[in-house]
Amino acid sequence: MKTLMKKSELWGAVMLFILHVMLFPTLIGIFVIKKPDLLSDSQLNFIYYCTSIVIAFLLLGKFLRRSFDTLLDNPWGCLKAFLIGWGIYFVLAAIVGVVIMALGLEDNNPNDEAIDNMLRQERGMIIAMTVFLAPIVEECIFRGGIFGGLYRKNRIVAYAVSIVLFSVYHVWQYAFAAQDLSYLLFAISYIPASFALCWSYENSGSIWTGIFFHMSFNMYALAVSF
């Protein structure tokens with residue numbers, strides 16, 4: 001790939017992962033317990049992602065700039081990777097859809113239900129968070145940091161670890177809160193998008209291809225599901 005994180009930037013991605021995936025959710029949980037009626041779920045999540053995106057630009061701004069230059073240098077190659085990524089997604093989604101139906105997981109995805117509930121509270125805020133903020137933060141962590149960091153060592157391991165962590169990331173809190181590991185099965189539904197995002201980044205050389213793919217995917221998911 002053309003644009004990978006430097007060693008110092010990889011440490012920045014690790015720090016962002018710790019803050020965004022581990023520390024901030026814990027702090028939000030404590031805040032909700034102590035001040036249950038002060039802020040709605042949608043407001044808390046919007047603040048959560050606003051904070052994370054500021055940190056992402058502070059820690060990884062130079063990487064994002066270099067990667068955007070790569071996009072500008074090869075716009076048609078990035079567009080091709082973006083479009084083929086969508087094709088890959090639809091093929092994998094059809095295959096995974098059969099597995100999901102066989103497991104009886106086509107309904108009641110806890111993450112989808114949470115987003116649906118927040119959309120009813122603050123629709124504009126949640127759309128902004130889902131379509132614009134989350135893709136930048138999550139691509140910096142899971143593709144730029146995890147996938148790109150491991151890619152130097154082993155391409156297959158990079159795909160596997162990034163896909164697993166990204167997929168589990170969307171459901172682990174529900175499994176933890178309910179003390180029910182069966183919730184982790186819903187991670188399967190995120191595998192097609194995760195693979196396509198890795199592929200788009202790898203074949204375009206720019207994290208922004210993945211970010212724009214992620215933005216368009218979340219917009220598509222909102223339109224189809226909600």
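## Exercises on rings, a pocket and polar contacts

At a relative accessibility of 0%, Tyr 201 counts as buried (buried is under 20% relative accessible area, exposed over 50%, partly exposed in between, with a 1.4 Å probe and protein chains only). The model is predicted, so local features need pLDDT of at least 70 and side-chain atom pairs pLDDT 80 or more, while totals for chains, interfaces and linings use all residues. Residues are numbered from 1 along each chain as its sequence is written, and side-chain values use heavy atoms, leaving out hydrogens and water.

**Exercise 1.** Work out how the rings of Phe 147 and Tyr 201 are arranged.

*Solution.* Start with the total: the structure holds 22 aromatic pairs (rings of Phe, Tyr and Trp, the last by its six-membered ring, with centres within 6.5 Å; planes under 30 degrees apart are stacked, over 60 edge-to-face, the rest tilted). Next, take this pair: the centres are 6.1 Å apart and the planes at 55°, so Phe 147 and Tyr 201 form a tilted pair. Then place the partners: Phe 147 is in helix H5 and Tyr 201 in helix H8 (residues 191-204), so the pair ties together parts 54 residues apart in sequence. Helices (H or I, at least four residues) are DSSP runs, numbered from the N terminus. Finally, Phe 147 also counts as buried, at 0% relative accessibility.

**Exercise 2.** Describe the second largest pocket and find which helix gives the largest share of its lining.

*Solution.* First, the volume is about 170 Å³, meaning the space filled by probe spheres set on grid points joined across faces, edges and corners. A pocket here is an open set of points on a 1 Å grid over the protein atoms alone, where a 1.4 Å probe fits, with protein on both sides within 12 Å along at least five of seven lines; lining residues have an atom within 4 Å of a point. Second, the lining includes Lys 7, Trp 11, Phe 17 and Ile 146. Third, helices H1 (7-34) and H5 (123-151) each give two or more residues, and H1 supplies the largest share, 6 residues.

**Exercise 3.** Which side chain does His 20 join through a polar contact?

*Solution.* Begin with the setting: His 20 is found in helix H1 and is buried, at 0% relative accessibility. Now look for the partner: a polar contact of 2.7 Å joins His 20 to the side chain of Ser 52 (N or O atoms within 3.5 Å; within protein, one able to donate a hydrogen and the other to accept it, and residues adjacent in sequence count only if both atoms are side-chain atoms).
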